[in-house]
Amino acid sequence: MSNAFAERLSKVIEQGRVPDLHAVIAVHRGQVVLEHYGEGVDFRLNESLGHVRFTPDTLHDVRSISKSVVGLLYGIALADGQVPEPAEPLLGHFPEYPDLGVDRRRAALTVEHALTMTLGLEWNEDAPYTSAANSEVAMELAPDRVRYVLERPVAEEPGVRWSYCGGASALVARLIERGTGAALADYARARLFEPLGITRFEWSTGADGVAMAASGLRLTPRDLLAVGRLVLDGGRDLVPASWLAAALRPHVRVSDDFGYGYHWYVGDTWTGAFGNGGQRLYLDATQDLAVAVLAGQYNQPDQPTAPVVLGEVVLPGVEGTAG
């Protein structure tokens, strides 16, 4: 481990600028340059786990990084011909809701609109994830989460604007489960995690026993990094390279600084997966860099820990060293 990385991390910890930092691992050009474990109060979704001393083997919520893992699983299932192509109509794969296709704009929805979160449906995750005013929470409380998503009022033409939507991930996951005949966690275990050597993970479920595709995955820090390095390595023999080429291309702008692919954020030189509380998986192929950050700033309006770790601890040590 590089002393320079550790020294920068120690400095921001002493300054109190990375509160609730639970773990960080950075691998640059195949070498671990930073690995740190902290302690603090942690949660499994909204269930308190009390004070935890984190280790390489501690499972941790990755929250919405779950969505990006679902995106990888869709690509695996697509290569096996078990799920529809992104361009296919979405409602055609949910024939149990024939009434929802009456609206022309809703009938125009495709699988890609779900993959890119451009469904154009009314959806609001600005409310706390402890409140039913939050659309993702309301979806989990609904008797039929898929219908809950698909019947949201149409706010605009699909494909026009990115709008953060855990419901989109629920739809993508349901297509995977229907196509493969396996529960999401079982499919992830067989086709992604075990081949990566990941033997311990959890995927929290709703009251119906169905995996919470948008936010329920729990991984150890090193295993989260292993998922990132798989993506950085082009998918190896697990995720098709053709899928990653499509998934890691910006299909829609999120802001002036970055866009969104198939359940992955895409910057100019980096690819990322983000989760509530300061969960980050940051990948930069130009630097051969993979960083996993886990933190406990859940539901807080400002979550500065991960940006400080990336921007002031890790990136200054690797920028300009490509080649």
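By salt bridge I mean a side-chain nitrogen of Lys or Arg within 4 Å of a carboxyl oxygen of Asp or Glu. R218 belongs to strand β7 and E202 to strand β6, so this pair ties together parts that lie 16 residues apart in sequence. Helices (H or I, at least four residues) and strands (E, at least two) are DSSP runs, numbered from the N terminus.

Before I continue, a word on the source. This is a predicted model, in which local features need pLDDT of at least 70 and side-chain atom pairs count only at pLDDT 80 or more, while totals for chains, interfaces and linings use all residues. Residues are numbered from 1 along each chain as its sequence is written, and side-chain values use heavy atoms, with hydrogens and water left out.

Is R218 buried or exposed? R218 is buried, at a relative accessible area of 4%. The cut-offs are under 20% relative accessible area for buried, over 50% for exposed, and partly exposed in between, with a 1.4 Å probe and protein chains only. E202, by contrast, counts as partly exposed at 29% relative accessibility.

E202 has a further partner. It forms a salt bridge with R44, where the closest N and O atoms are 3.4 Å apart. This pair links distant parts of the chain, since R44 sits in strand β3 (residues 39–44) and E202 in strand β6, 158 residues apart. R44 is partly exposed, with a relative accessible area of 24%. Which residues make up the network of salt bridges? R44, E47, D61, R63, E202 and R218 are linked in it. The search of the whole structure finds 21 salt bridges. Another of these joins R236 and D233, with the closest N and O atoms 2.8 Å apart. R236 is partly exposed at 44% relative accessible area, and D233 is partly exposed at 45%.

An open sheet of 3 strands has the order β5-β7-β6, with antiparallel pairing; two strands pair if DSSP finds at least two bridges between them. The edge strands are β5 (60–61) and β6 (202–203), each of which pairs on one side only. β5 pairs with β7 (residues 217–219) in the antiparallel sense over 2 bridges, and D61 stands opposite R218. As for β3, 6 bridges join it to strand β4 (residues 47–53), and the two run antiparallel. There, V41 has H51 as its bridge partner. The hairpin of β3 and β4 has 2 residues between the strands, and L45 takes a positive phi near 50°.

I turn next to the helices. The axes of α2 (residues 65–79) and α8 (residues 184–193) come within 10 Å and cross at roughly 70°. Axes here are lines fitted to C-alpha atoms, for helices over the stretch in contact, and angles run from 0 to 180 degrees between N-to-C directions. α2 is therefore roughly perpendicular to α8, a term covering 65 to 115 degrees, with under 35 roughly parallel, over 145 roughly antiparallel and the rest oblique. On the α2 side, V69, V70, L73, I76 and A77 meet L184, Y187, A188, R191, L192 and F193 of α8, contact meaning heavy atoms within 4.5 Å. These residues divide into 10 nonpolar, no polar and 1 charged. Ala, Val, Leu, Ile, Met, Phe, Trp, Tyr, Cys and Pro count as nonpolar, Asp, Glu, Lys and Arg as charged, and the others, Gly among them, as polar.

Finally, strand β12 (residues 279–284). How many of its residues are buried? The number is 6 of 6. In a regular strand the side chains alternate between the two faces of the sheet. In β12 both faces are covered, with Q279, L281 and L283 on one side and R280, Y282 and D284 on the other. Strand β11 (residues 271–275) runs antiparallel to β12, joined by 5 bridges, and G272 stands opposite Y282. β12 also pairs with β13 (residues 289–295), antiparallel over 5 bridges, where L283 stands opposite A290.
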